[in-house]
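The sequence and the structure come before the description.

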Protein chains: 2
Amino acid sequence: MTILRNRPSAGSPERGIPDATVARLPVYLRALNALAEQGIATCSSNDLAAQAGVNPAKLRKDLSHLGSYGTRGVGYDVEYLRYQIALEIGQNQDWDVVIVGVGNLGSALSAYQGFSTRGIRVAALVDSNPERVGTTISGIEVSAMGDLKKVVAEREISIGIIATPGEAAQEVADRLVEAGITSILNFAPALVQVPDNVDVRKVDLSIELQILAYHEQRKAGEATA
Amino acid sequence: MTILRNRPSAGSPERGIPDATVARLPVYLRALNALAEQGIATCSSNDLAAQAGVNPAKLRKDLSHLGSYGTRGVGYDVEYLRYQIALEIGQNQDWDVVIVGVGNLGSALSAYQGFSTRGIRVAALVDSNPERVGTTISGIEVSAMGDLKKVVAEREISIGIIATPGEAAQEVADRLVEAGITSILNFAPALVQVPDNVDVRKVDLSIELQILAYHEQRKAGEATA
DNA sequence: CGGATTTTGAGAACGCGTTCACAAACTCTT
DNA sequence: AAGAGTTTGTGAACGCGTTCTCAAAATCCG
């Protein structure tokens, strides 16, 4: 969920971009791509903010954390800014990920079109169910849990996705860490404990809907009140 | 993403729970369920916070927004607190949702086990592809986009899920709003514009991984520095 | 060239959320 | 019954993130 890693750092002049900003950089990148596709070479913070769906002042403050890549009175060069953000968030290289659990969700993720264009490559699939091991999903052969460490080492994978039921999540997380994974995206409806050097983000499908349901209930209550 | 709806309200003594708290209530509910399964009848804020993975002070502050459901020197009655939170977030009733787009992701969501136990029921599936219309997925027949309004009205659905490619998202959102949907969970990698009375939350699978990749890159940079 | 216009970058104010810290309220023990 | 021990609920302090605002820097145009 929340991630620490926020020291000002020794080396570079001014490192340590706020978490909130990091989370929006991919959004800006997508907005810049959209502008580039429209053949737009330069844009103001207003234009880009509108495309990204954020406040222009927030956008400028976010970008100021990376450096001064704009020109006063002119705006930002779309291609140049795109390059700089991509560099900052490591999008000029591909990131291999391993998905653990190839049930419905894991299978869907392995086929997800949106990854490849964002520098994410599903490099390996792993499952504990012997019946699934050896089958091919989205062109990738499913490996056994026992081979996780080997697969991760061979392909130098550092990011793992947990797409198992909640009960298996902690066990899988332990195995991932043991295999050398240092970043985990957890789709299972369960908390996982990991060492300090491992980052975990959690996506909980039910909770998102429950939050919407809460607001729905309030709307309904208002209507009758 | 963020949702407004935060007036103190006229009727009740003290309405308007902070967004951040609302987002955690489902987590507490899950933690309480876990405790109940272990046969634990009473717990302190420390116990529950540990189970939920949050700071105990934060937990108490969150719960204080609902009312005074604990007993000093004793703690919280698991069953009672569970009931109160469920009541607050509308979990003692089932919420019907419609999923638009039954590609890989939509299919996976329609089969997702985690929904039913959290009061979410996938009541209808809709797709624009004629080849998919009429097929049955997870026991539900796929309807045509043209029937969306009818389906939503018949089943009194107020929550919709967009599980289409990004290009189709805005069009689908418009149709959902037109059909009477007032809450949308958007999985498509695109912003959607909706009227003020409609809540939208966004889950972006790529962005979550891109954030992890950013931190991975920083770890790698540190190692060489 | 100089004034009007545009737009960035950043200081300052503000607001929300988290955490601290402690009085109040309860139980338990003797 | 009274003192020791727990644990809640909340006021207060703090920190992060957002937004406002405006000087600085660039362009445009007469």
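In this predicted model, a rotation of 180° with 0.0 Å of shift along its axis places chain A on chain B with an RMSD of 0.0 Å. Because of this, the two chains stand in the relation of a two-fold axis. The same surface serves both copies, since 100% of the contact residues of chain A recur in chain B. Within chain A, the residue that comes closest to the rotation axis is A:Ala108, whose C-alpha lies at 3.2 Å.

**The contact between the chains**

Between the two protein chains, 52 residues of chain A are in contact with 52 residues of chain B. On the side of chain A that touches chain B, at least two residues each are supplied by helix 1, strand 4 (95-100), helix 5 (104-110), strand 9 (183-186), strand 10 (199-202) and helix 8 (205-224) of chain A. The largest share of that side comes from helix 8 of chain A, which provides 15 residues. By class, the residues on the side of chain A that touches chain B divide into 28 nonpolar, 15 polar and nine charged.

**The surfaces near the DNA**

DNA strand C is surrounded by 26 residues, and the closest are A:Gly70, A:Gly73, B:Asn55, B:Arg72 and B:Gly73. Two or more residues of the surface near DNA strand C are given by each of helix 3 and strand 3 (75-77) of chain A, together with helix 1 (19-37) and helix 3 of chain B. Helix 3 of chain A gives the most to this surface, with five residues.

DNA strand D is surrounded by 27 residues, of which A:Pro18, A:Gly73, B:Ser45, B:Gly70 and B:Gly73 are the closest. The elements that give two or more residues to the surface near DNA strand D are, in chain A, helix 1 (19-37) and helix 3 (56-64), and, in chain B, helix 3 (56-64), strand 2 (70-71) and strand 3 (75-77). The largest share of the surface near DNA strand D, five residues, comes from helix 3 of chain B.

Conventions:
Residues are numbered from 1 along each chain as its sequence is written. Chains are lettered from A and ligands numbered from 1 in the order in which they are written. This is a predicted model: local features need pLDDT of at least 70, side-chain atom pairs count only at pLDDT 80 or more; totals for chains, interfaces and linings use all residues. A residue is near a molecule or strand if its C-beta atom, placed from the backbone, lies within 6 Å of it. Helices (H or I, at least four residues) and strands (E, at least two) are DSSP runs, numbered from the N terminus. Copies are superposed by least squares on the C-alpha atoms of residues with pLDDT of at least 70 in both. Two residues are in contact if their C-beta atoms, placed from the backbone, lie within 7 Å. Ala, Val, Leu, Ile, Met, Phe, Trp, Tyr, Cys and Pro count as nonpolar, Asp, Glu, Lys and Arg as charged, and the others, Gly among them, as polar.
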